[in-house]
Amino acid sequence: MKIVLVGLLSSSLAILLGACGGDSETTGRFPIEITAERVNAGQTIYTQYCASCHGPVAGPSVLDSAPVHGDSGHTWHHPDRLLYEWVLDRPPLATVMPAFRGLLSEQEVLDVLSYIKSNWLPEIQQRQQQGSAQYESQIIEDRAG
Ligand code: HEC
């Protein structure tokens, strides 16, 4: 089911992108794939750069104002592309969360998000994955329209 969905999505993306010239730069990055390699790399990055404020993914956080990234938090309510942009350039209205652009590579941000995602319950992973895919198709429609 998942494979069929992803297959359908990527073929329609290819058609739409072909039609409008597309941005091949970010195509295929979202939804972020969870692989053992990324999760491994991401865990190290998380421990080094994120845990000092956010605590372990499942919580509790170290800084009161830093949200927990696990199932009980809100992180999974957001699509992958936004999470990625927020880690690179800060979430909207953030006052404490630093921007990691220049400190972490784009690949490292994908890795750390892959690690965070891997901690979620399977049904939460699936819902968030669907939301991320839906967000991508909306962006493509907006650009094409
Ligand atoms: C200096 C403390 C600090 C560090 C380090 C930090 N964060 Fe944050 N983060 C925050 C705070 C506090 C917020 C809430 C927004 C605000 O007030 O700035 C936040 C918000 C976020 C959000 C948006 C809220 C959500 O979960 O949906 C994400 C995603 C996030 N952080 C991911 C990360 C990742 C990934 C790292 C490591 C690469 C990291 N943060 C490192 C303090 C931190």
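Here is a tour that goes from the overall layout to single residues.

**Before you click**

What you have on screen is a predicted model, where local features need pLDDT of at least 70, side-chain atom pairs count only at pLDDT 80 or more, and totals for chains, interfaces and linings use all residues. Residues are numbered from 1 along each chain as its sequence is written.

**Stop 1: the whole protein**

Switch to a cartoon view.

How much of the protein counts as buried? Of its 145 residues, 24% do. A residue is buried if 20 or more other C-beta atoms lie within 10 Å of its own, exposed if 12 or fewer, and partly exposed in between, with C-beta atoms placed from the backbone.

Now think about contacts, meaning pairs of residues whose C-beta atoms, placed from the backbone, lie within 7 Å. Among contacts between residues at least 6 apart in sequence, 64% join residues at least 24 apart.

**Stop 2: helix H5**

Select residues 106-118, which make up helix H5. The expected span of a helix is 1.5 Å times one less than its number of residues.

Colour the buried residues of H5: Val-109, Leu-110, Asp-111, Val-112, Leu-113, Ser-114, Tyr-115, Ile-116 and Lys-117. What covers them? The cover includes helix H2 (36-49), H4 and H6.

**Stop 3: where H2 meets H5**

Two packed helices are described by the angle between their axes and the distance between the axes. For H2 and H5 the angle is about 95° and the axes are 7 Å apart. The axes are lines fitted to C-alpha atoms, for helices over the stretch in contact, and angles run from 0 to 180 degrees between N-to-C directions. H2 and H5 are therefore roughly perpendicular. On this scale, angles under 35 degrees count as roughly parallel, over 145 as roughly antiparallel, 65 to 115 as roughly perpendicular and the rest as oblique.

Show the side chains. From H2 come Arg-38, Val-39, Ala-41, Gly-42, Gln-43, Ile-45 and Tyr-46, and they meet Glu-108, Leu-110, Asp-111, Val-112, Ser-114, Tyr-115 and Ser-118 in H5. By class, this contact has seven nonpolar, four polar and three charged residues. Ala, Val, Leu, Ile, Met, Phe, Trp, Tyr, Cys and Pro count as nonpolar, Asp, Glu, Lys and Arg as charged, and the others, Gly among them, as polar.

While you're in H2, click Thr-44. Is Thr-44 buried or partly exposed? With 13 C-beta neighbours inside 10 Å, Thr-44 counts as partly exposed. Try the distance tool from Thr-44 to Val-112: they are 68 residues apart in sequence but 8.3 Å apart in space, C-alpha to C-alpha.

**Stop 4: helix H6**

Next, select residues 122-144, helix H6. Its 23 residues should span 33 Å at 1.5 Å a residue, which agrees with the 33 Å between its end C-alpha atoms. The buried ones in H6 are Gln-128, Gln-129, Ser-132, Ala-133, Glu-136 and Ile-140.

Zoom in on Gln-128, which is buried with 21 other C-beta atoms within 10 Å. Leaving aside neighbours within four places in sequence, Gln-128 is in contact with Trp-76 and Trp-120. Gln-128 and Thr-75 are 53 residues apart along the chain, and their C-alpha atoms are separated by 9.4 Å.

**Stop 5**

Of the 25 residues around the ligand, Cys-50, Cys-53, Ala-94, Val-96 and Met-97 come nearest. The elements giving two or more residues to this shell are helix H3 (51-54) and helix H4 (80-89). The shell divides into 16 nonpolar, nine polar and no charged residues.

**Stop 6**

Go to Pro-31, in the loop between helix H1 (2-20) and H2. The peptide bond from Phe-30 to Pro-31 is cis, with omega near -10°. Another cis bond joins Gly-59 and Pro-60, with omega about 0°; Pro-60 is in the loop between H3 and H4.

Finish with Leu-93, in the loop between H4 and H5. Its phi is near 65°, a positive value in a residue other than glycine. Leu-93 counts as exposed, with 6 C-beta neighbours inside 10 Å.

Conventions:
Helices (H or I, at least four residues) and strands (E, at least two) are DSSP runs, numbered from the N terminus. A residue is near a molecule or strand if its C-beta atom, placed from the backbone, lies within 6 Å of it. Two residues are in contact if their C-beta atoms, placed from the backbone, lie within 7 Å.
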